[in-house]
Amino acid sequence: MSSIFVIDDDANFCQVINRFLSKQGYEVVLASDGKAGVELAAERLPDLIVCDPNMPGMDGYEVLAALRRDPKLADIPLNFLTGESQSSQVRQGMNLGADDYLTKPVSSDDLLGAINAMLSRHHAQRLRQEKQMERAL
């Protein structure tokens with residue numbers, strides 16, 4: 001079972017996405033702010049993170065930068081999910097290394113499609129790395 005962390009300061013949204021993703025068979029962990037999300041990610045190493053870039057305190061862009069600086073967390077796929085859709089914000093997130101950027105309201109099909117695609121790519125990348133390590137030994 002893949003684990004998905006949701007980092008968002010909107011408690012109602014977190015509950016909705018938690019129910020939806022849990023019904024899809026994912027283990028879901030919620031964090032209400034960026035700092036807690038980064039700390040939990042370091043402890044539990046999720047398979048994917050869905051994060052709101054617009055939060056008070058440590059925003060999603062800072063979360064992404066912190067993840068990418070930590071070698072243990074750098075490869076975790078991150079999907080920004082926000083109510084903001086300005087092209088400059090999308091570009092900022094992608095420039096920092098976000099794997100996807102969706103806007104609220106998002107359809108369940110679009111969210112699930114993005115999550116499945118990111119998890120698939122991440123899994124394939126891990127397999128390639130394992131094969132390279134085996135060949136190197």
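**Rings, a charge and a buried aspartate**

Mentor: Let's start with a cluster: ring pairs link Y61, F80 and Y101. Keep in mind that this is a predicted model.

Trainee: How many aromatic pairs does the structure hold?

Mentor: The structure holds 2 aromatic pairs.

Trainee: What makes F80 and Y101 a pair, and why is the pair called edge-to-face?

Mentor: Two rings pair if their centres lie within 6.5 Å, and the ring centres of F80 and Y101 are 5.7 Å apart. Planes over 60 degrees apart count as edge-to-face. The planes here stand at 65 degrees, so this pair is edge-to-face.

Trainee: Why do you say that this pair ties parts of the chain together?

Mentor: Look at where the two residues lie. F80 belongs to strand β4 (residues 78-82) and Y101 to strand β5 (residues 100-103), so their pair ties together parts that are 21 residues apart in sequence.

Trainee: Are F80 and Y101 buried or exposed?

Mentor: Both F80 and Y101 are buried.

Trainee: What sits over the ring of F13?

Mentor: That's the charged end of K104, 4.1 Å from the ring centre. The cut-off for that distance is 6 Å, so 4.1 Å falls within it.

Trainee: On to D47. Where does D47 lie?

Mentor: You'll find D47 in the loop between α2 (34-44) and β3 (48-51).

Trainee: Why is D47 called buried?

Mentor: Buried means under 20% relative accessible area. D47 has 16%, so it counts as buried.

Trainee: Which residues does D47 touch?

Mentor: Leaving out residues up to four places away in sequence, D47 touches M1, S2, S3, I76, P77, L119, H122 and R126.

Trainee: What makes the approach of S3 to D47 a polar contact?

Mentor: The backbone nitrogen of S3 lies 2.7 Å from a polar atom of the D47 side chain.

Trainee: Now the whole chain. Which elements does the protein chain have, and how do they run?

Mentor: There are 5 helices and 5 strands. From the N terminus on, they run β-α-β-α-β-α-β-α-β-α.

Trainee: What percentage of the residues is buried?

Mentor: Buried residues make up 39% of the 137 in the protein chain.

Methods: Residues are numbered from 1 along each chain as its sequence is written. This is a predicted model: local features need pLDDT of at least 70, side-chain atom pairs count only at pLDDT 80 or more; totals for chains, interfaces and linings use all residues. Side-chain values use heavy atoms; hydrogens and water are left out. Rings of Phe, Tyr and Trp (its six-membered ring) pair if their centres lie within 6.5 Å; planes under 30 degrees apart count as stacked, over 60 as edge-to-face and the rest as tilted. Helices (H or I, at least four residues) and strands (E, at least two) are DSSP runs, numbered from the N terminus. Buried means under 20% relative accessible area, exposed over 50%, partly exposed in between (1.4 Å probe, protein chains only). A charge sits over a ring if NZ of Lys or CZ of Arg is within 6 Å of the ring centre and within 35 degrees of the ring normal. A polar contact is a pair of N or O atoms within 3.5 Å; within protein, one must be able to donate a hydrogen and the other to accept it, and residues adjacent in sequence count only if both atoms are side-chain atoms. Contact means heavy atoms within 4.5 Å.
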